[in-house]
Each structure stands twice: as structure tokens, then as C-alpha cells.
Amino acid sequence: MRAFVTTVKLGTLSRAAEALYLSQPSVSLQLQALERELGMELLHRSRRRINLTDAGEALYELARPLVEGWENLDRQFQAKVKGLQAGKLTVAAGSSTIQYLLPGLVRQYRERFPDVQLQLANVTGKDGMALLRADEADFAVGSMLDVPNDIAWAPVYHYDPMLITPLDHPLAQKESVLLDDLSPYGLILPPQRLSTYRLVDLVFQQRQVPYHVAIEVGGWEVIKEYVAMGLGISIVTGICITDADRQRLAVRNMRQYFPQRSYGVVMRKGKFLSKEAQAFIDLIRPGLLTHRDYDESGHSER
């Protein structure tokens, strides 16, 4: 049953075998034995991945909480006996989320549950999804553009897009800044693989406004420093703007052109939340991700 649930969650025999520390033929034999025992086909096998039959869907719905409950039995027992004193919590998040959004929440959590082992996994969006699907992270906190059908996403915090320039920059003197006004100046943006770059590019392309990127560099703090040095201008998310930044940078709200960025909780649909995880999520917003829709199992299209 554990081989069955793991195979469905990870999508292929090879991934399931790796997660279970078994050979691929061993996992395949276990699945065949389960189908013989139940007298019906549970899985459709193809070269790329495995899909569930109707019977497989029914079994997975019943078996997943049992298998996950068994695997989490020791941790749940410790939490039951000792309260939130000896558990472990892994939260996946990007650098900006860890730096700007989570510190206050982490402080509250540590004050309330000092003995819980808290791990913040600093990952990009793609790697964060992989951790969630492999159950190597309890949940993630961050921003999402595209939500796969096996993932639940609950946005909580919303930040406006901001234009930042040096204080003595020509754009800093204008009462209102138009998108076309940015064209003559080089932009400093995160790498192309990140969502911020994609959003900025999309807006300029849709409005047919020319632009050019002077510098690609990772990290909001680095970008703000380079802008302050006069090396270019940038469009950043308001989450990274501090009071100190407003003393050395000109900051203009660009929500009329660029969309807000929302940050919230991300988890695999059907994920069993430990008490440690639920306690952290309740600090963000009590009752978040408890709606029935979030409990339905989903299947990845990766």
C-alpha cells in the first residue's frame, strides 16, 4: 500500500523506488501483488508516467491518509504526549520571503514553540514544488503565478510594484511616471528564470513599449544597492521596500501598469498537516487552507 501511494504521489515508478529505497522492479512487483489481491487494475502504465484507474482513485483516497498517518505516527505521538515541544517543521520559501516576510512570523513561532525544530528551506519556485510533492516540506510560503492542479494556494499578503531610482534621477523629479518614461534608462532586474523578470517583460511587451536590461542580478538588496549607486533603475515588489530605503531611493508606485504580487501559503492538495505546521499557518491566518476543496487529492502535470 505504501508503494502504491508513493507511486501515485510521485508519478513514476523510478521516483517511487528512489523515495522508498527500493529497486524499480521491486516496486512494480508490489503494485502487481496489490492488484492481484484486490482483483482489479489500479494503474494505467505508460512510458512517461502512471495514471490512476477509477478503482485506483477510490483506493488512493482511502489509502493516502492511512499511509501518511502511519509514516507520521512517531511525530504525532511525540506531539500528543509532549504538545508542540519535540516536533519538526520544514517550510519552503524563496530568499525574499525569508528575508522580508517571515522574520516576524518566525519570531512569534519560536516564542510560542521554542522546542520545535524549524527548518526554512531557501528554494526557488520549481524546487519548492519538488519539495512539496516529495513531502520533504510541510508547506511553502511565497508568490505564485501558475498554480498546478495538485497544489493548493491561499494568498494572504499583497504588495504593489514599485519603481526605484536614485534620488537625483530625472524620473524622481516627475510628478507622475508613465511606462514610456522608463524606456531611455537601463533596468536592473533579477535573472530571467525568476517570475519578476517575466512579469516586467510581459507588461512591456503587451503595451509595446521598448525597454532594455542593463544588469541582471539576484537579490533585492543587491538590486537596491546598485540602483542607489546610479547603475540603473528597477521595478521591485513592495515587500522589499523599507523605511531606510526611502531615505536613499526615490520610490514610485507602478500599480497602474504592473500587477500586484501576492504571497501566501502553498501546499500539496490532500497533504496531512502536522500540529506544528497548522500552528505556523494559524499565525499567518487562522483557519487558512482548511476548506474542503484544499483537502481533495490532486495529481501533478509535471
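Colleague: Which residue just after helix 7 takes a positive phi?

Modeller: In this predicted model, that residue is Asp135, with a phi of about 55 degrees.

Colleague: And which residues of helix 7 itself are buried?

Modeller: Helix 7 covers residues 125-133, and its buried residues are Gly128, Met129, Leu131, Leu132 and Arg133.

Colleague: What do they pack against?

Modeller: The buried residues of helix 7 pack against helix 1 (2-10) and against several strands. Those strands are strand 3 (88-93), strand 4 (117-122), strand 5, strand 6 and strand 12.

Colleague: Let us take strand 12, then. How many of its residues are buried?

Modeller: Eight of the eight residues in strand 12 (residues 261-268) are buried, and the strand is described as mostly covered.

Colleague: How many bridges join strand 5 to strand 12?

Modeller: Strand 5 (residues 139-143) is joined to strand 12 by four bridges, and the two run antiparallel. Within this pairing, Gly142 has Gly264 as its bridge partner.

Colleague: What about strand 6 and strand 12: how many bridges there?

Modeller: Eight bridges pair strand 6 (residues 151-159) with strand 12, again in the antiparallel sense. Trp153 stands opposite Val266 of strand 12.

Colleague: Changing topic: which members of the largest nonpolar core touch the most other members?

Modeller: That core has 42 residues, and the ones touching the most other members are Leu89, Tyr109, Phe139, Val236, Phe280, Ile284 and Leu288. A second, separate core has 19 residues, including Val8, Leu42, Leu43 and Ala63.

Colleague: Going back to Leu89, what is it in contact with?

Modeller: Apart from neighbours within four places in sequence, the contacts of Leu89 include Tyr109, Val116, Leu118, Phe139, Ala277 and Phe280. Gln117, Gln119, Asp138 and Glu276 are also in contact with Leu89.

Colleague: Which residues do ring pairs link into a cluster?

Modeller: Tyr109, Phe113, Phe139 and Phe280 form that cluster.

Colleague: How many aromatic pairs are there in the whole structure?

Modeller: The search finds seven. One of them joins Phe204 and Phe258 in an edge-to-face arrangement, 6.0 Å centre to centre with 65 degrees between the planes.

Colleague: Where in the chain do these two residues lie?

Modeller: Phe204 belongs to helix 8 (residues 195-206), whereas Phe258 lies in the loop between strand 11 (249-253) and strand 12. They are 54 residues apart, and the pair links distant parts of the chain.

Colleague: Is Phe204 buried or exposed, and is Phe258 buried or exposed?

Modeller: Phe204 counts as buried because its relative accessible area is 1%, under the 20% cut-off. Phe258 is likewise buried because its value is 3%.

Conventions. Residues numbered from 1 in each chain as written. Predicted model: local features only at pLDDT ≥ 70, side-chain atom pairs only at ≥ 80, totals over all residues. Heavy atoms only, no water. Core = buried A, V, L, I, M, F, W, Y, C linked by side-chain atoms within 4.5 Å. Buried < 20%, exposed > 50% of the residue type's maximum accessible area, 1.4 Å probe, protein only. Contact = heavy atoms within 4.5 Å. Pairing = 2+ DSSP bridges. Phe/Tyr/Trp six-rings, centres within 6.5 Å; stacked < 30°, edge-to-face > 60°.
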